[in-house]
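My entries follow in the order in which I looked.

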Amino acid sequence: MPKNEENSRHWSSRSVGAPWQHRFFYGLIRLGGRRAAYFFLHFVAAYYMLFRPDQRRRCDFYLRRRFPGASQLELLSHEWRMILSLGRVLIDRAIVGILGSDSVQVSLDGKAELLELLAEQKGLILMGAHVGCWQTAMSALNFLQVPVSLLMQREAGDVDRHFFEHAGIPFPFRIIDPSGYLGGTLEMLGVLKRGEVLSVMGDRLRGSERNATAVGFLGGTVRLPFGAYKLAAATGAPIAVLLSAKTGADAYRIRLAGVIRVPPEGGRRETGFAPFAGEFVSILEDYVREYPYQFFNFYDLWESDLSSEKASASNYSKE
Amino acid sequence: MSIKEKLKKILVEELNLEDMTPEEIVDDAPLFGDGLGLDSLDAVELVVLVQKHFGVEIKDMDEGRPALQSVNSLAAFIEAKSAT
């Protein structure tokens, strides 16, 4: 089994916090709002920095790639900022549900282009990534006025709640379970054939390695799922890469960062889809350059170890 | 060539069922998993191929799930759709 697939299997997106810790923050938001929650977040972040190095080091897989020359001290500083960044995003997500969507200002760049893509009537694939707060991106899609289906698998036993659960409202999107019949592909195909919107994540492989393609990301090779590109080739649906970023204490920016078009002959097997996954990764690299602490994949995505890459590069330079 | 024969030829040639000939495919063998070994993304490809070669559209999960069980079920689905 390839290294990154093994890592993703051993890693869970489930919250590391205990249920009472989540409830504490939810109460704090109700009583003291964002400022109180952000203030206490510093103590939680400090706890993880000092007493949970196992969790803290999960940031390093990405941080060492994003900041290749960082010293140990600099790395600690990056870890601190990343833990705070994640905490703030999680708090904001709860705030939207508890205090209402007006408590976060969301701006969307590319609204007209998204409507134009939808008007092609081939369906629309919204491809996101585990960056910023994808729920804010989803909450800004009402203007599309067509049903939105979301490919999402929830970890069993996860105590972290989504914004709609706080608000006590039904989930505003249709969920397609990737562990369902044929990985939900027929449902996804149906969504696109009806001219509707399908939302997927392009940065995390949570299934068979057979459905992944290798691309370069931050100096190493990662394997990313190509299912969305295959669906695009089959239906003619354009892929709109939509990424969200926290830009202020109560502000998020959602940006249509690129449009990927896969021709019908886009390819059948993994190598045929590599150029399209490459387009996505290039957009993602631009994003992490701009928002280095908002990339939230806490496992080793890369095929090889950074140390072995450095060693081979060093050997090469000696030859 | 019958619908079943044509389907088997498509499966082997266009879905890259290596080490298999159309004649070796059993009519009732499951298309996915332990049967012919096709996967979820092959299902997408198969839906497209059925439309391309037979002019029959598998619109969604409700139609696709019973139709994509085996060569037999898919052939019956194509036959029924072609007749309407």
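I began with chain A, where buried residues make up 40% of the 319 residues; a residue is buried if 20 or more other C-beta atoms, placed from the backbone, lie within 10 Å of its own, exposed if 12 or fewer, and partly exposed in between. I noted twelve helices and nine strands in chain A, these being DSSP runs numbered from the N terminus (helices H or I of at least four residues, strands E of at least two). Among contacts in chain A between residues at least 6 apart in sequence, 76% join residues at least 24 apart, where contact means that the C-beta atoms, placed from the backbone, lie within 7 Å.

**Numbering and confidence.** Residues are numbered from 1 along each chain as its sequence is written, while chains are lettered from A and ligands numbered from 1 in the order in which they are written. This is a predicted model, in which local features need pLDDT of at least 70 and side-chain atom pairs count only at pLDDT 80 or more, whereas totals for chains, interfaces and linings use all residues. The mean pLDDT (the predictor's confidence in each residue, from 0 to 100) of chain A is 86, and 82% of its residues reach 70 or more. Where pLDDT is low, the predicted coordinates should not be read in detail.

**A helix pair within chain A.** I then followed H2(A) (residues 19-51) and H5(A) (residues 72-99), whose axes come within 9 Å and cross at roughly 160°; axes are lines fitted to C-alpha atoms, for helices over the stretch in contact, and angles run from 0 to 180 degrees between N-to-C directions. The two helices are therefore roughly antiparallel to each other, as angles over 145 degrees count as such, under 35 as roughly parallel, 65 to 115 as roughly perpendicular and the rest as oblique. Residues of H2(A) including A:Phe25, A:Leu41 and A:Met49 meet residues of H5(A), among them A:Trp80, A:Ile91 and A:Leu99. The residues of this contact divide into 18 nonpolar, one polar and four charged; Ala, Val, Leu, Ile, Met, Phe, Trp, Tyr, Cys and Pro count as nonpolar, Asp, Glu, Lys and Arg as charged, and the others, Gly among them, as polar.

**Where chain A touches chain B.** I recorded 17 residues of chain A in contact with 14 residues of chain B. On the chain A side, helices H9 (185-193) and H10 (227-235) are the elements that give two or more residues, and H9(A) gives the most, with six. The axes of H9(A) and H2(B) (residues 40-54) come within 9 Å and cross at roughly 40°, which makes H9(A) oblique to H2(B). There A:Thr185, A:Leu186 and A:Leu189 meet B:Ser40, B:Leu41, B:Ala43, B:Val44 and B:Val47. As for H10(A), nine of its nine residues are buried, A:Lys230 being one of them.

**Positive phi values.** Which residue just after H10(A) takes a positive phi? I found A:Gly236, at about 80°. A:Leu182, in the loop between strand S4 (174-176) and H9 of chain A, has a positive phi near 50°, and it counts as buried because it has 24 C-beta neighbours inside 10 Å.

Technical notes. Two residues are in contact if their C-beta atoms, placed from the backbone, lie within 7 Å.
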